[in-house]
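Good morning. Please have the viewer open, and keep the sequence beside it while I talk.

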Amino acid sequence: MNPKVSVIIPAYNTEAYIAKAIQSALEQTLSDIEVIIVDDGSSDKTVEVAKSFTDQRLKVIVNQQNLGVSAARNRAIKAAQGEWVAVLDSDDWYTPERLEKLLLQAEKTNADMIADDLYLIHDGATSPWSTFIQESGECIDETLQIDLISLVKSGVYGEPVLPFGLSKPIFRREFLVKHGILYDETVSIAEDFWLDVKCLINGARFFIVPEPYYFYRSRPISLVRQSILSRLNQYCIATNSFMQQEVVKNNPDLMLALSYNLASYKKHLAYFKVVVPVKQRQWLTALREIRENPHFFAFLISRLNNIIKRRMQYYVMGNKLVFDMSYNLHKKRKTVN
């Protein structure tokens, strides 16, 4: 008999974290599960740690070379036998009751995909500092259904909205198989968001429960900050590519929402093309970008209020989380690349 849930864990050089992820999956109150780890060409002891577990429900697949997070997840999905597929990042972990609680709600709502709130916890901390929903400023006290347009509108870069695309749904595997839905291996950023969009385009019923059962670890973000131009450019490419699909072109509301997202990405990209070289003291490059982007100052002025608030909180109030919060909720990307 097939297991109820297949927990898939893509991993790359997370020897210090993956044991906790695996243990949290194996210790679920719902015991009818399988755990599939796909190591994506790690150069550390990630595979050794994974194989140290003797639980028969655990399967370890090793990629001989690094293929990327989407390919790793797709390999795990293709190997999965469960009625549901649950994704777990190798540096995160579940509360013991997560899968049982989500499946109970999935049965009540006839969901094809269902997610929960996320505990936000800093690397090395013993307790979470907040949750995903709390930091968004939203008030959700009951199970909420998310439609396609709401999902896309929640992904507008830099806007203070609850970005549903950062949630961690579990998926009805039959639905994924029926519609041939996998991660897009040509996309190297926001993979979860685009998978969710694919599901909703194909009629998936998506719900979010307000209780947090997933621990979302915040690791050092210096490399994320340095790659902001690359990331924004990738957002633009992925969004523009997705908009070329006929199923998208035939949905005017979806095209409008994606167009708004694309415009926001382009606006922020133009802004950071000036800001990044300024911070690097590359004055000539910054001046050239200002000449090519005459709307830079207008956009800077529109951001000044939030910029000043964040710096006041950081330098005056001593709130060291203010910058991390922004990156955690809008810009954080877990990767196995």
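Helices (H or I, at least four residues) and strands (E, at least two) are DSSP runs, numbered from the N terminus.

Now the source. This is a predicted model, in which local features need pLDDT of at least 70 and side-chain atom pairs count only at pLDDT 80 or more, while totals for chains, interfaces and linings use all residues. Residues are numbered from 1 along each chain as its sequence is written, and side-chain values use heavy atoms, with hydrogens and water left out.

Two packed helices are described by the angle between their axes and the distance between the axes. The axes are lines fitted to C-alpha atoms, for helices over the stretch in contact, and angles run from 0 to 180 degrees between N-to-C directions.

First pair. How do helix α8 and helix α10 pack? Helix α8, residues 191–201, and helix α10, residues 228–242, pack at an angle of about 15°, with axes 12 Å apart. α8 and α10 are therefore roughly parallel to each other. On the α8 side, Trp-194, Val-197, Lys-198 and Ile-201 make the contact (heavy atoms within 4.5 Å). On the α10 side, Ala-238, Thr-239 and Phe-242 take part.

The axes of α10 and α12 come within 9 Å and cross at roughly 160°, so α10 and α12 are roughly antiparallel to each other. This crossing is left-handed. Among the residues that meet are Leu-229, Leu-232 and Thr-239 in α10, and Leu-258, Leu-262 and Phe-272 in α12.

Then α12 with α13. Helix α12 covers residues 252–279 and helix α13 covers residues 283–292. Their axes come within 8 Å and cross at roughly 165°, so α12 and α13 are roughly antiparallel to each other. The crossing of α12 and α13 is left-handed. The contact includes Lys-273 and Pro-277 of α12, with Trp-283 and Glu-289 of α13.

Where is Arg-281? Arg-281 lies in the loop between α12 and α13. Arg-281 has a positive phi of about 60°, although it is not a glycine. Asn-110 has a positive phi of about 55° and is not a glycine either. Asn-110 sits in the loop between α4 (98–109) and β6 (113–122).

Last, the strands. Strand β2, residues 33–40, and strand β3, residues 58–63, run parallel and are joined by six bridges; two strands pair if DSSP finds at least two bridges between them. Asp-40 stands opposite Asn-63 in β3. With helix α2, residues 46–51, β2 and β3 make a right-handed β-α-β unit. Right-handed here means that, with the strands pointing away from the viewer, the path from the first strand over the helix to the second runs clockwise.

How values were computed:
Angles under 35 degrees count as roughly parallel, over 145 as roughly antiparallel, 65 to 115 as roughly perpendicular and the rest as oblique. A crossing is left-handed if the near helix is turned anticlockwise from the far one by less than a right angle, and right-handed if clockwise.
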